[in-house]
Amino acid sequence: MQHPDSILSLLKKSEEFLKKKEISSARLDAEILLADLLNLQRVKLYVNFERLLNETEKNAYRERIVERSKNKPTSYITGQKAFYNSLFYVNENVLIPRPETEELVEKILLDFKDEAKEIKVLDLCTGSGCIGISLKIARNDWNLSLSDISKEALEVAEKNTIQILGDTNHIQFFESDLFSSIPRESKFDLIATNPPYIPNSDKESMMKDVVDYEPHLALFLENPKEFLMNLIEAAYSYLNPGGKFYMETLPSLANILVTESIDKGWTNGKMEKDLSGKDRFVILTK
């Protein structure tokens with residue numbers, strides 16, 4: 001018989017409870033929340049199945065499972081999310097970084113791998129800082145600026161900069177509604193962004209985890225096409241000649257954004273697919 005306070009018993013019980021609450025990843029979430037609480041790697045839970053939790057651990061775990069049962073994302077409960085080889089601090093002021101965004105980082109690094117010179121990079125709508133910080137880890141010679149409309153999001157990005165890069169000395173932070181507070185004379189060689197791009201009308205069909213907890217400011221727009229075209233146009237004037245613009249976007253808009261941008265004077269542009277085959281990325285050259 002399993003002891004009711006053992007890791008195995010508590011995992012089973014938590015999984016059943018989450019399933020009843022229609023949490024689709026019940027077992028995985030139960031494991032992630034317990035491993036994080038006990039400061040173990042998830043695979044180590046299996047080696048320690050017999051281990052008993054004390055009263056404090058049990059209560060803390062129960063609280064976490066109850067929060068998850070209300071659709072609160074596991075990353076907000078643990079306060080962290082792995083992204084492109086680093087562990088980022090996250091809270092409800094920033095989006096939880098997604099795998100597609102890792103693909104964006106990968107594309108940029110691949111395209112610039114032969115670029116030896118120091119370049120100036122802006123991560124616009126930075127949120128947790130995951131794009132810019134990941135680029136900076138790979139290319140320490142790049143000059144990085146992080147910008148977000150939300151002061152609270154910028155505080156998270158700053159915290160991640162210190163935790164992951166060690167300091168914020170060579171990094172500029174702008175609290176800015178897109179480019180509005182970035183000095184006109186600032187010019188960049190690369191602007192990367194994962195801006196809000198989901199139409200408000202899609203809220204109905206989205207997972208509760210996202211709609212109830214993630215910051216709507218970073219996700220939803222009344223008119224995505226107009227907003228994104230304005231963003232692209234503004235980015236143009238902040239790039240050096242030959243500078244590149246990389247954006248994650250809504251697959252149904254990617255094509256038209258590229259076409260219209262070229263009509264408006266960008267030298268060239270292309271759309272690229274994410275790993276699930278969706279037209280997810282817009283890449284433009286000034």
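Predicted model: local features only at pLDDT ≥ 70, side-chain atom pairs only at ≥ 80, totals over all residues.
Residues are numbered from 1 along each chain as its sequence is written, and side-chain values use heavy atoms, with hydrogens and water left out.

Let's start with the sheet. Helices (H or I, at least four residues) and strands (E, at least two) are DSSP runs, numbered from the N terminus. Seven strands make an open sheet with mixed pairing, in the order E5-E4-E3-E6-E9-E11-E10; two strands pair if DSSP finds at least two bridges between them. At the edges sit E5 and E10 (268-273), each pairing on one side only. From one strand to the next, the twist averages 15°. E6 and E9 (residues 239-248) run parallel and are joined by five bridges, and Leu 190 has Lys 244 in E9 as its bridge partner.

Which strands does helix H7 touch? H7 packs on the sheet against E4 (143-148) and E5, and its direction makes about 165° with that of E5. Contact here means heavy atoms within 4.5 Å, and angles run from 0 to 180 degrees between N-to-C directions, with axes fitted as lines to C-alpha atoms, for helices over the stretch in contact.

Now to the loops. Ser 176 lies between strand E5 (171-175) and strand E6 (188-193). Is Ser 176 buried or exposed? Its relative accessibility is 2%, so Ser 176 counts as buried; buried means under 20% relative accessible area, exposed over 50%, and partly exposed in between (1.4 Å probe, protein chains only). A polar atom of the Ser 176 side chain lies 3.3 Å from the backbone nitrogen of Ser 180. Asp 167, in the loop between helix H7 (151-165) and E5, is partly exposed because its relative accessibility is 32%.

Finally, the charges. A search of the whole structure finds 22 salt bridges, each a side-chain nitrogen of Lys or Arg within 4 Å of a carboxyl oxygen of Asp or Glu. One of them joins Lys 151 to Glu 155, with the closest N and O atoms 3.2 Å apart. These two are separated by about one helical turn, because they are four residues apart in helix H7. Another links Arg 280 and Asp 274 at 3.1 Å, N to O. Here Arg 280 is buried at 11%, and Asp 274 is buried at 5%. There is also a network of salt bridges linking Glu 15, Lys 19, Arg 27, Glu 31 and Arg 42.

Terms used
Polar contact = N/O pair within 3.5 Å; in protein donor to acceptor, adjacent residues only side chain to side chain.
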